[in-house]
Amino acid sequence: MEQIQHKFIQVRGLKLHVAEIGTGDRSSHRYLPQISSTELVLLTKTYCSFSDFPGSNVVVFLHGFPEIWYSWRYQMIALANAGFRAIAPDYRGYGLSDAPPEPSKATFSDLISDLVGILDALNIPKVFVIGKDFGAWPAYYFALKHPDRALGVVTLGVPFLPPESVNNSLKPQHHIPEGVYTLRWREPGRAEADFGRFDAKTVVRNVYILFSKSEIPIAQENQEVMDLVDPSTPLPPWFTEEDLATYGALYEKSGFETALKVPYRSFNEDWGIKDPKVEIPALFIMGEKDYVFKFPEIEEYIRSERVKDYVPKLEIIYLPEGSHFVQEQSPEEVNQLLLTFLANHT
């Protein structure tokens with residue numbers, strides 16, 4: 001990871017951390033025509049095949065929870081090796097970025113405004129945006145609010161969701177148990193008390209174990225979400241103790257206050273957009289064993305391709321063994337999908 005550079009950018013009164021790799025100089029790379037993932041694998045075994053495409057050679061990665069820029073480490077290096085400039089910020093209040101003065105007032109819109117500020121500071125006019133988990137919201141709504149600056153969108157684990165869809169899925173008629181983690185963590189003070197019994201490293205460990213399963217984490221009435229994980233449960237095989245230490249140290253620094261506000265206490269945010277439609281090229285990567293499928297109406301919404309009502313140029317790819325953390329679990333496969341998408345749309 002030593003190839004990845006780190007800088008701090010002053011944006012809207014906060015010092016935001018940005019990880020970056022790649023010059024974006026594709027002059028030594030050759031153009032790939034419309035290709036399949038299999039063809040790309042064969043070609044990239046011998047040389048990187050991107051050239052001077054019109055448009056942007058910059059890709060911005062937006063993380064989810066309990067993640068930070070580091071969750072994109074494999075993808076950043078792969079794209080940089082293919083001639084792209086890869087940028088991954090820590091959101092305000094996450095990782096090495098400053099927390100806002102009042103975390104309880106943080107919003108999704110702040111994340112979008114921060115991204116615009118980062119791009120302006122780096123003099124980057126247009127980008128491809130890749131978001132994981134709740135990073136799908138700032139990725140897609142950045143594209144909707146700034147269509148002149150987004151060339152394409154990729155999301156992993158969470159598709160485009162229209163405003164109010166999350167709140168609608170949690171309404172009583174869907175019979176969602178009160179112990180579902182999303183409801184528990186929306187309640188001010190509940191998660192703080194739950195998490196506060198452990199150090200940050202243990203909290204991240206527990207969430208990674210829970211979120212890598214194929215069932216939604218649901219606590220019983222007299223149980224907290226953290227209690228769902230037995231201390232003897234091993235980490236997922238693709239997530240090392242070194243990885244956990246990296247996450248733990250950064251959440252020890254940032255805490256969880258802003259992370260609980262955005263996303264879990266901000267799903268009712270008014271985006272100010274009616275009848276949203278994302279007209280740029282888009283890709284959605286979904287693990288077949290991702291617990292998100294189990295939320296009410298989500299699987300039908302995706303598999304029926306109703307999501308294309310909002311994102312007409314969307315391609316959907318399912319990874320048979322994929323969990324909620326596909327980019328860390330199966331980095332080579334995800335990298336190939338991203339490179340194919342970029343080759344076909346730049």
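**Exercise 1.** Is E297 buried or exposed?

*Solution.* The model is predicted. Step 1: the relative accessible area of E297 is 53%. Step 2: a residue counts as exposed when this value is over 50%. Step 3: E297 is therefore exposed.

**Exercise 2.** State where E297 and E305 lie, and describe their phi angles.

*Solution.* Step 1: E297 is located in the loop between β7 (282-287) and α11 (298-303), whereas E305 belongs to the loop between α11 and β8 (314-319). Step 2: most residues other than glycine have a negative phi. Step 3: E297 is not a glycine, yet its phi is positive, near 75°. E305, also not a glycine, has a positive phi of about 65°. Step 4: the relative accessibility of E305 is 36%, so this residue counts as partly exposed.

**Exercise 3.** Explain why helix α2 (residues 73-81) is described as largely enclosed.

*Solution.* Step 1: the buried residues of α2 are R73, Q75, M76, I77, A78, L79 and A80. Step 2: these are seven of the nine residues of the helix, so α2 is largely enclosed by the rest of the structure. Step 3: the elements that cover these buried residues include the strands β2 (14-21), β3 (58-62) and β4 (85-89), together with the helices α9 (241-254), α12 (326-329) and α13 (331-345). Step 4: just after α2, G83 has a positive phi of about 100°.

How values were computed. Residues are numbered from 1 along each chain as its sequence is written. This is a predicted model: local features need pLDDT of at least 70, side-chain atom pairs count only at pLDDT 80 or more; totals for chains, interfaces and linings use all residues. Side-chain values use heavy atoms; hydrogens and water are left out. Buried means under 20% relative accessible area, exposed over 50%, partly exposed in between (1.4 Å probe, protein chains only). Helices (H or I, at least four residues) and strands (E, at least two) are DSSP runs, numbered from the N terminus. Contact means heavy atoms within 4.5 Å.
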